[in-house]
Amino acid sequence: MKKGCLAGLLMLAVVAAVPLILVASVFQFAGSKPAGGPGSGEPSALALADIPPEALAAYRHAATTVKDVPWWIIAAIGKEESDHGRSNLPGVHSGANSAGAMGPMQFLASTWARYKRDCGGGGNVYDIRDAACGTAAYLQALLDEHGGDMARALFGYNHAAWYVADILRIAASYYVQNLTGGGAGGGAGAAAGGNPMACKPSITQGYGYTPYEHPHHGIDYSCAEGTPLLSVVEGMVVQSTGGCPPHGAWLDGCGGGYGNHLVIGLQTDVGAGTHKYFVLYGHMDERPALDVGAQVKAGQIVGLEGSSGWSSGPHLHFEVDQDVPITTHSINPSPFVEADLRVPTT
Ligand SMILES: [Zn+2]
């Protein structure tokens, strides 16, 4: 039996469904806090290049003043609100904008009155140190209110699903490290590659133009249903979607056709230059094993092989998208898997 999944014909429908997937998935964030405390976690190369040192120091210090808010979430808010204070829009450096927002973190006067902090600037909303601490305090309160759910907390910060998705995406790019050692196949990262399944899978469909789908955006691997799926990279979960029945069908659009699926974001060198990559595990049996924001090590179980979504039999749809987590940016994922699991590029 053919074990297919997303077809090129419905690619547009899938792209259109992506914002819905993000909206649905970000609300499943369970507040997983990476080990080592909120102040830890070394900035990625992109973070070091993009965040002015004084702002980065402010974010990292702010994270240490609260219980559960990682610095990279605060940093992502700083990026979104004022490009880390570099914006010259009204309200960033003085006064308020037309919506009443002030300072690098764009506080409303009423919110600042409640969460004003002095982290070296004397409680100044225009000082990135104080504003970052205020943001941390406000987010901590929202987290407490929402049972530790970061996506809901961020939604409380700014009532827009696109905002939540943006913040989590930026945060992932700031935090996710280049690949390090370890891994399912003993690999040292993407260049070496791992095995995405706890078995020796057969390839039931390759990447690109296949007899079944034109084009196919990933590689399909198959073992027995319920086989654990393993991360081949070290990164951060940026999407975690559940709620689809374990057995989908042809044209089943649950989870955008991917069914229960998980996306891991990372930044590394594969081929030409450093890019962000989004490694997708599709058609899981049940909801993924990890929530948005969770740190993943290579070799870690991310879920179980299933047949949810647009699928005609148990398999893993393994996809890698470059820079943007959607199907139209897919690349041949072969560099991310072990040599003997790769499919030819041509
Ligand atoms: Zn597939």
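**Entry 1: a strand to start with**

How many of the 11 residues of strand 8 (residues 274-284) are buried? I counted 9 of the 11, so strand 8 is largely enclosed by the rest of the structure. I call a residue buried if 20 or more other C-beta atoms lie within 10 Å of its own, exposed if 12 or fewer, and partly exposed in between, with C-beta atoms placed from the backbone. My helices (H or I, at least four residues) and strands (E, at least two) are DSSP runs, numbered from the N terminus.

Two reminders to myself before going on. The model is predicted, so local features need pLDDT of at least 70 and side-chain atom pairs count only at pLDDT 80 or more, while totals for chains, interfaces and linings use all residues. Residues are numbered from 1 along each chain as its sequence is written.

**Entry 2: the whole chain**

I stepped back for the totals. The chain has 8 helices and 12 strands. Of its 346 residues, 53% are buried. I also checked contacts, meaning two residues whose C-beta atoms, placed from the backbone, lie within 7 Å. Among contacts with a separation of 6 or more, 71% come from residues 24 or more positions apart.

**Entry 3: who pairs with strand 8**

Back to strand 8, this time for its partners. I take two strands as paired if DSSP finds at least two bridges between them. Strand 7 (residues 260-269) pairs with strand 8 in the antiparallel sense, over 9 bridges. There I found threonine 268 opposite histidine 275 of strand 8.

Strand 8 is also joined to strand 11 (residues 316-322), by 6 bridges, and these two run antiparallel. Valine 279 has valine 320 of strand 11 as its bridge partner.

Next I asked myself how many of the 7 residues of strand 11 are buried. The count is 6, so strand 11 too is largely enclosed by the rest of the structure.

I then looked for further partners. Strand 4 (residues 219-222) runs antiparallel to strand 11, with 3 bridges between them. In that pairing tyrosine 221 bridges to leucine 316 of strand 11. Strand 12 (residues 330-331) is joined to strand 11 by 2 bridges, again antiparallel. Aspartate 321 sits opposite serine 330 of strand 12.

Time for some helices. Two packed helices are described by the angle between their axes and the distance between the axes. My axes are lines fitted to C-alpha atoms, for helices over the stretch in contact, and angles run from 0 to 180 degrees between N-to-C directions.

At what angle do helix 3 (residues 53-64) and helix 4 (residues 71-82) pack? I get about 135°, with the axes 8 Å apart. Helix 3 and helix 4 are therefore oblique to each other; angles under 35 degrees count as roughly parallel, over 145 as roughly antiparallel, 65 to 115 as roughly perpendicular and the rest as oblique. The crossing is right-handed, the term for a near helix turned clockwise from the far one by less than a right angle, with anticlockwise being left-handed. Ala55, Leu56, Tyr59, Arg60, Ala62 and Ala63 of helix 3 meet Trp71, Ile74, Ala75 and Gly78 of helix 4. By class that contact has 8 nonpolar residues, 1 polar and 1 charged. Here Ala, Val, Leu, Ile, Met, Phe, Trp, Tyr, Cys and Pro count as nonpolar, Asp, Glu, Lys and Arg as charged, and the others, Gly among them, as polar.

Helix 4 also meets helix 6 (residues 128-145): their axes come within 10 Å and cross at roughly 115°. This crossing is right-handed. Helix 4 contributes Ile73, Ile74, Ile77 and Gly78, and helix 6 contributes Ala132, Thr135, Ala136 and Leu139. I sorted that contact into 6 nonpolar and 2 polar residues, with no charged ones.

Histidine 84 is in the loop between helix 4 and strand 1 (101-102). Its phi is positive, about 60°, although histidine 84 is not a glycine. Buried or exposed? Histidine 84 counts as buried, with 21 C-beta neighbours inside 10 Å.

Leucine 251 lies in the loop between strand 6 (235-241) and strand 7. Leucine 251 isn't a glycine, yet it has a positive phi of about 75°. With 11 C-beta neighbours inside 10 Å, leucine 251 counts as exposed.

Last, I looked at valine 292, in the loop between strand 8 and strand 9 (295-296). Valine 292 is buried, with 31 other C-beta atoms within 10 Å. Valine 237 is 55 residues from valine 292 in sequence, but their C-alpha atoms are 4.8 Å apart in space.
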